[in-house]
Amino acid sequence: MSDLALRKAELRHNALKHRRAAHEMSDGAAGVLSSVLAGHRGVPLAGYMAIRTEIDPRPAMEEAAAHGPVGVPVILGNGQPLDFHRWEPDAEMQAGQYGAEIPIQPELMTPEILIVPLVAFDRAGRRLGYGGGFYDRTIALLRANGAVLAMGFAYAAQEVDEVPTEPTDQPLDMIVTETEVIEP
Ligand SMILES: Nc1nc2c(c(=O)[nH]1)N(C=O)[C@@H](CNc1ccc(C(=O)N[C@@H](CCC(=O)O)C(=O)O)cc1)CN2
Ligand SMILES: Nc1ncnc2c1ncn2[C@@H]1O[C@H](COP(=O)(O)OP(=O)(O)OP(=O)(O)O)[C@@H](O)[C@H]1O
């Protein structure tokens, strides 16, 4: 493993411990996210179906779905960007790869706002995920095809001083936590 990959792996391990502690203390934390999204009603939005100890954006996704299209990520394969399939609060779901639910009926959509799940972030907008590079590839593709607002969503406890980066890492435009909006 390269030195950078080792540093990312170690950071991931530590940040996941902080995320778990925050998750166990939390009883719903999407209020700030709802406020931010209220300023973008009707704009096509991608959220995610929370897995493990991820902060859950679903209450904010339900509100957004009353005003415009909302999608969730679907894995096409390793090394490929994610697709997004249209989601509604009452959509029938099935388990996707790695456990995140995906809609049974696939309907492709293109988000203009992307809520990005995080393992760790810093105040400059650098981010770390599970290490698949899925979101990096996806944000790069969406940015190449037009404007997209990449909005990280995480517990405040997942903040670190500096996430180490490589050229393919895509920075976040905004980070929303349960207590704060950070605009790098
Ligand atoms: N809720 C949610 N949905 C999502 C993602 C996500 O991060 N969160 N994804 C974002 O990509 C995609 C799923 N990708 C994932 C990729 C890897 C692992 C994972 O568990 N990986 C291993 C470590 C892999 C490694 O470093 O070798 C692990 O953590 O045990 C989970 C999800 C699409 N849907
Ligand atoms: N656009 C890309 N083209 C080629 N390789 C890429 C691209 N984006 C990321 N990668 C590679 O994918 C691997 C995983 O990247 P990284 O550790 O940054 O994942 P991550 O940001 O934690 O995961 P994710 O983006 O899924 O949340 C790295 O080896 C990285 O070089």
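Biologist: So why is strand β2 largely enclosed by the rest of the structure?

Modeller: Because four of the five residues of β2, residues 70–74, are buried. Buried is 20 or more other C-beta atoms within 10 Å of the residue's own, exposed is 12 or fewer, and partly exposed is in between, with C-beta atoms placed from the backbone. Helices (H or I, at least four residues) and strands (E, at least two) are DSSP runs numbered from the N terminus.

Biologist: Before I go on, is this predicted or experimental?

Modeller: It's a predicted model, where local features need pLDDT of at least 70, side-chain atom pairs count only at pLDDT 80 or more, and totals for chains, interfaces and linings use all residues. Residues are numbered from 1 along each chain as its sequence is written, with chains lettered from A and ligands numbered from 1 in the order in which they are written.

Biologist: What's the mean pLDDT of the chain?

Modeller: The mean is 97, and 100% of the residues reach 70 or more; pLDDT is the predictor's confidence in each residue, from 0 to 100.

Biologist: Back to β2. Does it pair with β1 in the parallel or antiparallel sense?

Modeller: Parallel, over two bridges, with β1 being residues 45–46. Pairing needs at least two DSSP bridges between the strands. L45 stands opposite V70 in β2. From β1 the chain crosses through helix α3 (residues 58–65) to β2, a right-handed β-α-β crossover: with the strands pointing away from the viewer, the path from the first strand over the helix to the second runs clockwise.

Biologist: And how many bridges link β2 and β3?

Modeller: Five, in the antiparallel sense, with β3 at residues 83–87. V70 stands opposite W87 there.

Biologist: Which residues of α3 are buried?

Modeller: A60, M61 and A64. They cover an arc of only 100 degrees around the axis, so they sit on the same side of α3; the arc is taken from the directions from the helix axis to the C-beta atoms. Their cover includes α2 (31–38), β1 and β2.

Biologist: New topic: what does the UniProt "binding site" annotation cover?

Modeller: M49 and E54, according to an unreviewed entry. UniProt positions are in the numbering used here, feature names are shortened, and annotations may be inferred rather than shown by experiment.

Biologist: Is M49 buried or exposed?

Modeller: Buried, because it has 21 C-beta neighbours inside 10 Å. M49 is in the loop between β1 and α3. Leaving out residues up to four places away in sequence, M49 touches V72, A100 and E101, contact being C-beta atoms, placed from the backbone, within 7 Å.

Biologist: Where's E54?

Modeller: E54 lies in the loop between β1 and α3, and is partly exposed, with 19 other C-beta atoms within 10 Å.

Terms used:
Two residues are in contact if their C-beta atoms, placed from the backbone, lie within 7 Å.
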